[in-house]
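User: Could you please walk me through this structure? I am new to reading such models.

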Amino acid sequence: MSEFEPKIIAFVCNWCTYAGADLTGTSRIKYAQNVKIIRFPCTGRIDFMLLLKSFSEGADGIIVSGCHPNDCHYTSGNFHARRRWIMFRGLLDLLGIDVRRIQYSWVSAAEGSKWADVVNSTVATIRELGPYTDYAKVAGYLEKEAKL
Amino acid sequence: MDTEDLSHNIRQLTGINVRECYQCGKCTAGCPVGDRMDLRPSVIMRMLQSGDNASLEEVLRSNSIWLCLTCETCYSRCPMEIDIPKLMDYLREKSYSEGKVHPESRNIVAFHKSFLNSVEQNGRLHEIGLVLDYKIHTGKLFQDVTLAPEMYAKGKLHIWPEAIKDKKSLARLFKDQFKNKKS
Amino acid sequence: MSKIGVFICHCGENISATVDVARVAEAAGKLEGVAFSTDYKYMCSDPGQTIIKQMVKEKGLTGVVVAACSPRMHEPTFRKACSEAGLNPYMCEMANLREHCSWVHDKSEATTQKAIDLVRTLVEKVKLDKPLFPIKVPVTKTALVIGGGIAGIQSSLDIANAGHQVILVEKDPSIGGHMSQLSETFPTLDCSQCILTPRMVEVAQHPNITLMTYAELEKLEGSIGNFKATIRKKAKSIDEKLCTGCGVCATKCPTKKIPSEFNTGLGMRTAIYVPFPQAVPNKPVIDKENCSYYQKGKCKVCEKVCPTGAIRFDQEDELVELEVGAVVIATGFNVMQPSGFPEYGYGKYKDVITGLQFERLASASGPTLGEIRRPSDGKIPEKIVFIACAGSRDPAKGIPYCSKICCMYTAKHAMLYQHKVHSGKSYIFYMDIRAAGKNYEEFVRRAIVEDEVNYIRGRVSKIYEQNGKLIVKGVDTLLNAKNVEIEADMVVLASAAVANEGSEELAQKLHISYDAYKFFSEAHPKLKPVETNTAGIFLAGACQAPKDIPETVSQASGAAAKVAILFSQNELSRDPVIAVVNRSAPPLYSTCVGCFMCATACPYQAIEEELITNRKGEVIKKVARVNPGLCQGCGTCVAFCRSKSIDIQGYTNEQMYAEVMALLNNE
Amino acid sequence: MKIGFYPGCSLTGSSREYNESLLAISKEAGVELCEITDWNCCGATAAHNLSKDLSLTLPARNLALAELDQMDELVVPCAACYNRLVMTQHELGENESLKKIVSEKLQMPLQNGIKILNVLQFLEKHIVPRLEQLVKNPLDFDVACYYGCLLVRPQRVMKADRFEDPMTMDVIMQKLGANPIDWPFKTECCGAGFSVSKPEIVGELSGKIVRNAVDRGARAIVVACPMCHSNLDMRRPAIETYLNMKVDIPVIYITQAIALAMGLTPRQAGIQRHFVPVNLPVNR
C-alpha cells in the first residue's frame with residue numbers, strides 16, 4: 001500500500017505568490033509535487049465557493065496565498081480576501097471540513113524558500129489528516145446555493 | 001573518510017557545517033589563547049574544509065583543541081554563527097577516545113579525568129581528592145604545595161569528600177563514559 | 001468545437017531533464033478539443049515560434065497552450081506570435097512547466113504527471129478564452145522622479161532633455177543626495193562636488209523640470225500613463241519667492257548646536273539652515289523640532305534680520321495633486337546604524353567612524369576643510385585602521401549580501417589619507433577585494449603598491465580604547481592566522497549599505513515589491529533591471545541594490561529611456577484583463593440587481609451606475625457598469641457579487657471552475 | 001518566598017565565601033533558598049571536554065531533581081554551573097528525541113521547563129527591589145565589574161544584555177553607592193579551567209584583566225563567578241609573575257559587596273577567606 005498522495009490546489013495571486021513560486025524555481029528549491037498552482041490576478045478575486053467546489057471535486061487540501069498585508073498590488077484585495085476567509089471558516093465548520101485543510105498564507109515575490117516551506121508543510125498536514133471523503137455533502141450544499 | 005565525507009560527517013554528528021566558514025579569521029582574532037595555539041581556530045576550520053584525513057589527523061593531534069577555553073568569544077562574534085566551541089568539544093572527545101592527545105596537553109586531559117573520577121566517586125567534586133589524583137597522574141607533585149594548606153586554613157578545603165546519596169543513579173550515567181580509552 | 005494547439009518546450013534541458021516532454025505532448029494530444037500537440041527544444045526561439053504560427057494557420061487553431069517557462073517571462077512573446085498568425089493573442093495561455101515543475105521537482109513519474117495536469121488545466125482554460133482587445137488609454141507625458149540624488153538628477157535631466165515634463169521630488173531641503181557628501185570619487189579621484197554641482201544647477205534651471213524639495217510622496221493612484229500623485233510639501237517656513245538666499249538668518253540664528261545631517265554629525269548647523277553651501281535650491285528651511293520659536297514660542301530672530309521679510313512662521317504643509325504618466329524611484333540607500341557593532345565600540349568611541357563620516361572629513365567642504373582630523377580631539381591620526389565588510393557579508397548582523405562599493409571607497413579612503421598625511425600609516429582589514437570595474441583593480445593595486453596602504457586579510461574581532469589609542473585586535477589569515485594588534489588613532493568602518501529608511505512604506509504606497517532587505521525589486525533580474533512589477537514605475541540607483549556612481553548613472557539613464565519610450569506614444573494599450581458587468585437581451589438587460597456591493601469593494605472607484613431606459617426614455621433598471629479606464633482587473637468585485645453578474649475577462653468564473661475540475665479529475 | 005537553589009561544588013568548598021555571602025544577603029532580604037535534594041556536580045569543563053553524554057546527563061539530573069522538588073525557579077550562583085545547566089536545557093529543548101534519551105538514561109521524568117537564574121538575574125529580581133531599605137554603608141569607591149565569559153556567552157543562549165559591554169552588575173554596584181568604571185575587559189576570559197593544569201595561561205589572561213582594572217583606577221574587582229574569583233584572587237602569584245609587579249587590588253563577589261553595603265560584618269561576608277587581603281573604605 002503506497003503512501004497517500006494528497007491532491008492540493010494552490011490559488012495564488014499573480015503579483016506576489018506566483019512570482020514567489022517562480023523564484024522558488026529559479027533558486028532550484030525542491031518541494032512536493034502534490035501542489036498545483038492556479039493563477040489569479042489577486043486573492044481578492046477568489047470566490048470561496050470555488051474552494052468548496054474544489055473539495056466537492058476531490059481536493060484534499062487547498063492553499064490560498066497572496067501578498068503580505070499592505071503589499072497588495074491592488075491596494076486592498078488581500079484584506080478583502082482575509083476578511084472573507086474569516087467568515088468562510090465558519091462555513092467550513094458548518095460543513096464539517098477541518099479548517100486545517102485550507103492553508104491561508106502570505107508569500108511575497110522575494111520569498112522563494114518560504115513558498116517551498118508552505119507547500120511542504122501543507123502536504124505534511126494533509127497527509128496527517130488523510131484523504132477528504134465527504135465531498136458529496138459539499139456538492140449538495142453547492143447545488144442548494146446554485147438554486148438560490 | 002575522503003574529502004567530501006569529513007565535513008559531511010561532522011555535520012551529521014554535530015549539526016555544524018564547516019563549509020559555512022569563509023575564513024575571515026574573526027574567531028582567531030578574538031581568541032584569548034590564539035597566539036599559543038599550534039593550529040589557530042580559523043586554520044582548524046580550513047583544515048576541516050579541505051577535508052583530507054591527514055589534516056583531520058593533524059587537528060586531532062594538535063594542542064589547540066585542548067588549549068581552547070570554551071570562552072565562546074569566537075561563537076558570539078562569528079559572522080556565520082558557527083558554533084566553534086561545540087566543534088572543539090567534538091574534536092576533543094574524538095582526539096581523546098582515539099588516544100591522539102597532544103603531549104603538551106596530556107596534563108589538561110589528566111586534570112579533566114581526575115575531575116570526572118572525583119565526581120564519579122562522590123557525585124560531587126572533592127577538591128583535595130581531585131588535586132591528589134591529578135598530581136599522581138601527572139607527577140606534578142610539588143606544584144602549588146603551598147596553596148593547599150593556605151586554602152585549608154581559609155576553610156576552602158574539606159578533608160573528607162561530601163558524597164551524594166543516590167550514587168547508583170550516577171554510576172549509571174558514568175557507565176562506559178570516557179573509560180577504557182588509551183591516552 | 002475548439003481546436004487547441006499544445007506546444008511543449010524543452011527549454012534546452014531545463015524542462016526535459018526532469019519532465020518526459022514527449023509523453024506530455026502525447027498525453028496532451030489525446031485531450032478532447034486538442035487538434036495538435038508537439039514538443040520542441042526552444043519554443044521561444046524563432047523556429048519555435050514559427051512552428052506555432054504554421055500550426056495556427058494549417059490547423060486553424062482556435063486556441064494555443066504553450067507549456068514552457070513562467071508566463072511572467074514569455075507570455076507576451078507567444079501572444080505576439082499568435083496574433084501574427086492571425087489568432088487573437090488572448091487565446092494563448094502558458095502552462096508553467098519550468099519554474100513551477102521541472103526546476104522544483106526531481107525527475108520522476110509524479111513530475112511528468114504534474115506537467116500533464118498543468119497542461120490539461122490550461123487547455124480547459126483556453127477552451128473558454130474569448131477574443132479580447134487591448135484597451136487604449138491616453139498617456140500623460142509628465143514624469144514623477146522621487147529622490148534628488150545623482151540617480152534622480154540624471155533621470156530627470158535625461159527625461160527633460162527628451163522634451164518631457166519632469167517633477168523631481170526630494171525629501172531634504174536640497175538635492176544632491178549622498179554624492180554631494182562625498183570627497184573624491186574612485187577610480188579617478190575627481191572631486192565629487194565638482195562633477196555633481198553643475199548637474200544640480202542644470203536641474204534647477206531646466207525649463208522642463210519642476211523641483212520640489214522638502215517634499216515627499218503622500219499617495220499614488222491610477223496606473224501606467226495616468227497616475228495621480230499626491231505630494232506633501234513640508235512647510236519650509238519661508239516664502240521662497242521673497243527669499244534671496246543671502247543667509248543672514250542662518251548666521252544670526254541663536255540655535256547653533258544641532259548636529260548637521262550633511263556632515264553626518266561631525267559638524268553643527270543652525271535651526272534655520274541651508275544644508276551645505278552649494279545647496280540647490282540655495283534657500284533655507286526652518287527645522288521646527290529645533291527652532292526655539294516653534295518649541296518655546298519666542299525668538300523670531302531670523303524674522304527680524306531677514307532683509308526681504310521672507311520668514312513665514314504660519315506656513316503649513318501643502319498637499320499638491322499631480323497627473324503623471326510614469327514614476328522613477330531614485331530614493332537611494334543608507335549606511336548601517338552604529339548599534340550594529342558593539343564589538344567595535346561604534347557609538348561609544350568618538351574616533352570609530354563610518355566611511356560616510358570619513359568622506360566628510362576628507363571633503364574640502366567638510367567640517368575640517370579636508371584635513372583628516374579625528375573627532376575626539378582634532379588630532380591628525382598617525383595610524384588609521386579601515387575595516388571592510390563592517391556589517392556586510394555578515395548574516396549574524398542580518399546582512400548576508402555584499403555592499404559592493406566598500407572595497408573601492410575603502411581603498412580610496414586609505415589613498416586620500418596617505419596623500420594628506422604623508423607620515424601616516426594606514427591598514428585595511430579585508431576578506432576579499434572586489435574591484436570588478438573599469439580601472440578599479442588598477443586603482444586598488446596603486447593604493448597597495450604606490451601609496452603603501454597595508455592590506456591585511458582578516459576580520460577584526462574587537463576594538464577598545466586604551467589611553468587615547470584604539471586597540472584593534474585583528475588577524476592575518478594569510479600568515480597562518482597570526483594575531484595582529486594595532487594601536488590606532490582612528491578607525492573607519494566600511495559600514496554596510498542598507499535600504500533607506502521608509503522604503504517599505506514607499507513601496508506600499510507605490511504597490512511595488514521589495515526584497516527581504518527592503519531594497520525594491522526589479523521586474524526581472526536580468527532582462528528588466530529598471531522596471532518594477534507595476535507598469536509605468538521604474539527604478540534608478542541604490543534603492544534597488546547597493547551601487548556605485550557609474551552604475552547608478554547608467555541605470556538612471558536606462559530608466560529615463562524607458563520613460564521616454566512610454567512617452568513616445570500618445571496612447572498606450574493595456575491588457576484588457578478587467579471586470580465587466582454582463583448584459584443580456586430585454587427584458588432582463590443584465591442579471592445585475594444594482595446592489596452595488598461591487599462599488600464598495602472596488603479600490604479604484606471604477607464602478608459606475610448605468611440607467612437602462614426603454615424607448616420612451618423611462619428608466620427601467622439601474623445596473624453597475626465598469627469604467628475600463630479605471631479598472632485594474634483585481635477582481636475583488638467578482639468575489640463580492642452575489643448575483644454573479646460581474647466577471648473578469650481572462651479570469652472568468654467559468655474558466656476558474658474549469659481549471660479546478662481539470663486539475664482534479666486526472667484519471 | 002521559597003526559591004530553588006543549586007550551589008554547585010565550588011560553593012561548598014573553594015568559594016565558600018560566595019555561598020555564605022549569598023545566603024547572608026538573602027536572609028537579610030527575607031528570601032529563602034532551598035537546596036535541590038541530593039544535587040550532583042554539573043560536570044563543568046571536564047565533562048564537555050571528554051564526554052558529550054556526561055555534559056548533558058550530569059546537569060540534566062539536577063534539572064530533573066529540581067522538578068521533583070517542584071521548583072519552578074532555580075538560582076545557580078556559580079557561573080560555570082549556570083552555563084552548563086542552561087546549555088543543557090537549551091540543547092534538550094531544541095531536540096525532543098535527545099531529551100527522551102537523556103531522561104531514559106536518568107530514569108527520571110524531565111519536563112525541562114524550569115526557569116534558571118544566574119546570580120545577577122536573581123539579585124535583580126529578588127534582592128535589588130529591597131536594596132534601598134537595606135543599604136546601610138554605601139560603598140563609595142571605584143569598582144571594576146568583571147563578568148567573565150560564562151554569564152554572557154554564548155549570547156544566543158544566554159540572552160545577556162549587551163554581551164560585549166554588559167551593565168547589569170554595574171547598575172547593581174551603582175545602587176550600592178559604588179562607582180563602576182568603564183573598561184574594556186568586562187567579558188575577556190580569565191583562563192577558566194586552567195587554574196591547575198595551565199597556571200601560566202591563567203597568569204597571563206587574568207594578569208591583563210587585573211592590570212587594566214588597576215590602570216583605570218578601580219579599588220576592587222567585583223565578580224560573579226567562582227572560577228574567575230579563584231583565578232584573579234588565588235592565582236595572584238601567577239598574575240604577579242606575568243606582570244612582574246605587585247598588585248594588591250582585591251577581588252570580591254558581588255554578593256559580598258552587597259553584604260558589606262548592607263552593613264554585615266566582613267566575617268559574615270566571608271572576606272577573611274580571600275588570598276588577596278580586602279581592605280576597602282567601607283565607611284562605618
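This is a predicted model: local features need pLDDT of at least 70, side-chain atom pairs count only at pLDDT 80 or more; totals for chains, interfaces and linings use all residues.

User: Which chains share the most contacts?
Analyst: Four pairs of chains are in contact, and chains A and C share the most contacts. Two residues are in contact if their C-beta atoms, placed from the backbone, lie within 7 Å.

User: How many residues does each of those chains bring?
Analyst: Chain C contributes 43 residues and chain A contributes 43 residues. On the side of chain C that touches chain A, α18(C) gives the most, with eight residues. Helices here are DSSP runs (H or I, at least four residues), numbered from the N terminus.

User: And where does chain A stand relative to chain B?
Analyst: No contact joins chain A and chain B, and their closest C-alpha atoms lie 19 Å apart.

User: Changing topic, at what angle do α3 and α4 of chain B pack?
Analyst: Helix α3 (residues 41-50) and helix α4 (residues 53-60) of chain B pack at about 150 degrees, with their axes 8 Å apart. Axes are lines fitted to C-alpha atoms, for helices over the stretch in contact, and angles run from 0 to 180 degrees between N-to-C directions. The two helices α3(B) and α4(B) are therefore roughly antiparallel to each other (angles over 145 degrees count as such).

User: Which residues make that contact?
Analyst: I44(B), M47(B), L48(B) and S50(B) come from α3(B), and S55(B), E58(B) and V59(B) from α4(B).

User: Now α11 of chain B: which residues are buried there?
Analyst: In α11(B), residues 167-174, the residues S169(B), L170(B) and L173(B) are buried. A residue is buried if 20 or more other C-beta atoms lie within 10 Å of its own, and exposed if 12 or fewer.

User: Why are they on the same side of α11(B)?
Analyst: They cover an arc of only 95 degrees around the axis, which puts them on the same side of α11(B). The arc is that of the directions from the helix axis to the C-beta atoms. On the other side of α11(B), K168(B) and A171(B) are exposed.

User: What do the buried residues of α11(B) pack against?
Analyst: The buried residues of α11(B) pack against α4 (52-68) and α6 (96-106) of chain D.

User: What follows α11(B)?
Analyst: D176(B) follows α11(B), and its phi is positive, near 35 degrees.

Definitions and conventions:
Residues are numbered from 1 along each chain as its sequence is written. Chains are lettered from A and ligands numbered from 1 in the order in which they are written. Angles under 35 degrees count as roughly parallel, over 145 as roughly antiparallel, 65 to 115 as roughly perpendicular and the rest as oblique.
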